[in-house]
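Subject: Structure for your review

Dear colleague,

Please find below the structure that I am handing over to you.

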Amino acid sequence: VRHWPRADIPRSTDPERSCARILASTRNTMAALAKSAPLSVALTAGNETRMLLAARRGVVGDFCFVTVSANGSELDKVRAEELARKFDLPHRLIPVRLAAPEGQQEWQARAAFSIGGPHVSTHPTIQQLRDRPYFIGGLGGEIGRGFFWRHADTDHTPINAEGLWARMGMPPHPRGLAAVERWLQDLRNDLGALPSLLILDLAYIEIRMGCWGFALSYTNSDPTDIHPLIGRDSFAAMLSLPPEWRRMRDGTNLMIQSVIHQGWPELLDLPI
């Protein structure tokens, strides 16, 4: 049963105001959590964690920023340490920890054997943060960067089940393709004709992120994962932005730049 959205999401005529909604929603969530417990907050060289850091400004609470030190993530480590020094942030580097085979089996059982990927083996890494009840991550912010968009996509790009399945990056499978076809038909029955870019966004939220990202919420219980960029108000604001605000250029976009600039502009002194 579709409960949101129930209609097309109109394009904003004031993108800066939409970005302010994203910032306020994120900041309010972090402030509410900070009133109850110390928080660990992810910090990398990328987009979403910089927005989380911008939302942190002005919030009273015990925050510690955390970077996973892993092979292939050297830039995350370097940039996070630069941010921590420049802005006097409590910062912690943690190594990757791998699960034994029995731990991997238990993790998959908690996810009903519905997902795979690196989390199966690396999930003990976050358990090093058990001294703080909540771990704050940036999942969801990629919706504001048109994650399923391709460079040539417009509001009039033809969308079919085969094309959506291809954007998943998964091998073809007849049952999966049939499920995507049903989802697409239900979407059109519920909401009628929609801009193609919005169809791509809803596909990402509902048949990739919702299935993959939130199976993880059943597997990691200590500390509890919270992602403040996820919420209807933030999502509506992201989806309302004009396409030129959401398209990625040089690793970032106007939405991300605006949210950070409104929250803590000096953070942009160090490139994303």
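Val 41 stands opposite Ile 136 in strand β4; strands, like helices, are DSSP runs numbered from the N terminus, with at least two residues (E) for a strand and at least four (H or I) for a helix. This is a predicted model, in which local features need pLDDT of at least 70 and side-chain atom pairs count only at pLDDT 80 or more, while totals for chains, interfaces and linings use all residues. Residues are numbered from 1 along each chain as its sequence is written, and side-chain values use heavy atoms, with hydrogens and water left out.

The sheet

Strands of a sheet pair through backbone hydrogen bonds, either parallel or antiparallel. Here, five strands form an open sheet in the order β3-β2-β1-β4-β5, and the pairing is parallel; two strands pair if DSSP finds at least two bridges between them. The edges are taken by β3 (91-95) and β5 (224-226), each with a single partner strand, so one side of each has no neighbour in the sheet. From one strand to the next, the twist averages 35 degrees.

Strand β1 (residues 39-42) pairs with β4 (residues 134-136) in the parallel sense over three bridges, and Leu 39 stands opposite Tyr 134 in β4. Strand β2 (residues 63-69) also runs parallel to β1, joined to it by four bridges. In that pairing, Val 41 stands opposite Phe 65.

Which way do the residues of β1 point? Leu 39 and Val 41 point one way, Ser 40 and Ala 42 point the other way, and all are buried. Buried means under 20% relative accessible area, exposed over 50%, and partly exposed in between (1.4 Å probe, protein chains only).

Helices around the sheet

β1, helix α2 (residues 47-56) and β2 make a right-handed β-α-β unit. The crossover is right-handed if, with the strands pointing away from the viewer, the path from the first strand over the helix to the second runs clockwise. Helix α2 lies across β1, β2 and β4 and runs at about 165 degrees to β2. Axes are lines fitted to C-alpha atoms, for helices over the stretch in contact, and angles run from 0 to 180 degrees between N-to-C directions. Helix α3 packs on the sheet as well, touching β2 and β3, and its direction makes about 160 degrees with that of β3.

Nine of the 10 residues of α2 are buried, so this helix is largely enclosed by the rest of the structure. Among the buried residues are Asn 47, Arg 50 and Leu 53. The elements that cover the buried residues of α2 include α1, β1, β2, α3, β4 and α11, where contact means heavy atoms within 4.5 Å. Just after α2, Gly 58 takes a positive phi of about 90 degrees.

The axes of helix α1 (residues 15-34) and α11 come within 9 Å and cross at roughly 65 degrees. The crossing of α1 past α11 is right-handed; a crossing is left-handed if the near helix is turned anticlockwise from the far one by less than a right angle, and right-handed if clockwise. Residues of α1 including Glu 16, Cys 19 and Arg 27 meet residues of α11 including Met 255, Ser 258 and Gln 262.

Ala 34 is found in α1 and counts as buried at 10% relative accessibility. Ala 34 touches Leu 39, Val 59, Val 60, Gly 61 and Phe 63, not counting residues up to four places away in sequence. Between Ala 34 and Val 59 there are 7.9 Å in space, C-alpha to C-alpha, although they are 25 residues apart in sequence.

Aromatic pairs

How many aromatic pairs are there? The count comes to three. Rings of Phe, Tyr and Trp (its six-membered ring) pair if their centres lie within 6.5 Å; planes under 30 degrees apart count as stacked, over 60 as edge-to-face and the rest as tilted.

Phe 87 and Trp 264 form an edge-to-face pair, 5.3 Å centre to centre with 70 degrees between the planes. This pair links distant parts of the chain, 177 residues apart: Phe 87 lies in α3 (residues 74-87) and Trp 264 in the segment after α11 (254-263). Both Phe 87 and Trp 264 are buried.

Yours sincerely
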